[in-house]
Amino acid sequence: MRTLQWWQRGLAGVSILVLAFLYVPIAILVMFSFNDSAVTSFPLSGFTLRWYQAFLSNGQMLAALKNSLLVALFATAVSVTVGVTAALAIDRYNFPGRKLFQNVILLPLSLPGIVTGIAMLNFYKQIGIPQSLFAVVIGHSTALLGVVVSQVLARLSKLNSRMLEASSDLGAAPLETFWRVTLPNIKTSVFGSALLCFTLSFDEIPVTYFLTGRDVTLPIYIYSTLRRGITPEINAVGTLIVAASFVTVVASVVLLRDRKINS
């Protein structure tokens, strides 16, 4: 076996330290969610599930969770519908301003969330859209549109165009070609980007903070609660969010992996 040089061992050590810095706090959060004490400090007092029971008994927190799920579902649906359509247009048609159109769609991915939130808040006020969950859905959909477009475009670039031509030559209508040829070949990128959009929308704070009204989402509720200190309830719901986010992110990564497209 090849022996690592000193600088390679150093890089490996730095990588381990960085990963520990990122993930040890999450592990501590999970441990405290099962700690049988209202004080979040070591040593642990014992194992309990009462903080999860307290979370399930908290009406305001459950309402915020419901709002987050609704916003994430609708924002994902809008992002996928518009994103797939935009990706198909960019891939198949050479229209004036095509590159500009693509760059504008991808722009929110490179902007800080606070900039996007302030810009949307100012624009919505000008056109008469009040701060509400509806505004949050539009904001999330706009910000996440680039995720769908980038992933679907990457998969479309690997799709053999002769399959589409053959479908057309055999008399299939454009919509039938989409359902029978295009969609089966891009479905993994569509599902993967949808899962990623759902996770990003559910956990999003900056855009939501500026656009939400009286009905707050779960991240905003937790953020406002933290001003009074961390409670075991927050540790419990945080653990559930981490678990759900981990599952959806892993699923999206699996679905977005490059797979051989039938030619």
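**Figure 1. Overview of the chain: 11 helices and zero strands make up its secondary structure.** Helices (H or I, at least four residues) and strands (E, at least two) are DSSP runs, numbered from the N terminus. This is a predicted model, in which local features need pLDDT of at least 70, side-chain atom pairs count only at pLDDT 80 or more, and totals for chains, interfaces and linings use all residues. Residues are numbered from 1 along each chain as its sequence is written, and side-chain values use heavy atoms, with hydrogens and water left out. Read from the N terminus, the elements run α-α-α-α-α-α-α-α-α-α-α. The C-alpha atoms fill a box of roughly 70 × 65 × 30 Å, taken along the principal axes. Of the 263 residues in the chain, 37% are buried. Buried means under 20% relative accessible area, exposed over 50%, and partly exposed in between (1.4 Å probe, protein chains only). Among contacts in the chain with a separation of 6 or more, 71% join residues 24 or more positions apart. Contact means heavy atoms within 4.5 Å.

Figure 2. pLDDT is the predictor's confidence in each residue, from 0 to 100. Confidence is lowest in helix α7 (residues 161–169), with a mean of 71. Helix α3 has the highest, at 90.

**Figure 3. Helix α2 (residues 50–57) against helix α3 (residues 59–92).** Two packed helices are described by the angle between their axes and the distance between the axes. Axes are lines fitted to C-alpha atoms, for helices over the stretch in contact, and angles run from 0 to 180 degrees between N-to-C directions. The axes of α2 and α3 come within 5 Å and cross at roughly 75°. That makes α2 roughly perpendicular to α3. Angles under 35 degrees count as roughly parallel, over 145 as roughly antiparallel, 65 to 115 as roughly perpendicular and the rest as oblique. From α2, the contact uses Phe55, Leu56 and Ser57. From α3, Gly59, Met61, Leu62 and Leu65 take part. By class, the contact of α2 with α3 has five nonpolar, two polar and no charged residues. Ala, Val, Leu, Ile, Met, Phe, Trp, Tyr, Cys and Pro count as nonpolar, Asp, Glu, Lys and Arg as charged, and the others, Gly among them, as polar.

**Figure 4. Helices α3 and α4 cross at roughly 150°.** Their axes come within 10 Å. α3 and α4 are therefore roughly antiparallel to each other. α3 passes α4 in a left-handed crossing. A crossing is left-handed if the near helix is turned anticlockwise from the far one by less than a right angle, and right-handed if clockwise. Ala86, Ile90 and Asp91 of α3 make the contact with Arg98, Phe101, Gln102 and Ile105 of α4. The residues of this contact of α3 with α4 divide into four nonpolar, one polar and two charged.

**Figure 5. Helix α4 (residues 98–110) packs on helix α6 (residues 133–156).** The angle is about 120°, and the axes are 7 Å apart. α4 and α6 are therefore oblique to each other. The crossing of α4 past α6 is left-handed. On the α4 side are Gln102, Ile105, Leu106, Pro108 and Leu109. They meet Thr142, Ala143, Leu145, Gly146, Val147, Val149, Ser150 and Leu153 in α6. The contact of α4 with α6 has nine nonpolar, four polar and no charged residues.

**Figure 6. Serine 201 and phenylalanine 202 in helix α8.** Helix α8 covers residues 174–203. Serine 201 counts as buried, at 4% relative accessibility. Not counting residues up to four places away in sequence, serine 201 touches Val71, Ala72, Ala75, His140 and Leu144. Phenylalanine 202 is also buried, at 11% relative accessibility. With neighbours within four places in sequence left aside, phenylalanine 202 is in contact with Leu65, Ser68, Leu69, Ala72, Leu218, Pro219 and Ile241.

**Figure 7. Isoleucine 138 in helix α6.** Isoleucine 138 is partly exposed, with a relative accessible area of 25%. Leaving aside neighbours within four places in sequence, isoleucine 138 is in contact with Tyr124 and Ile129. Isoleucine 138 and phenylalanine 74 are 64 residues apart in sequence. In space they are 9.0 Å apart, C-alpha to C-alpha.
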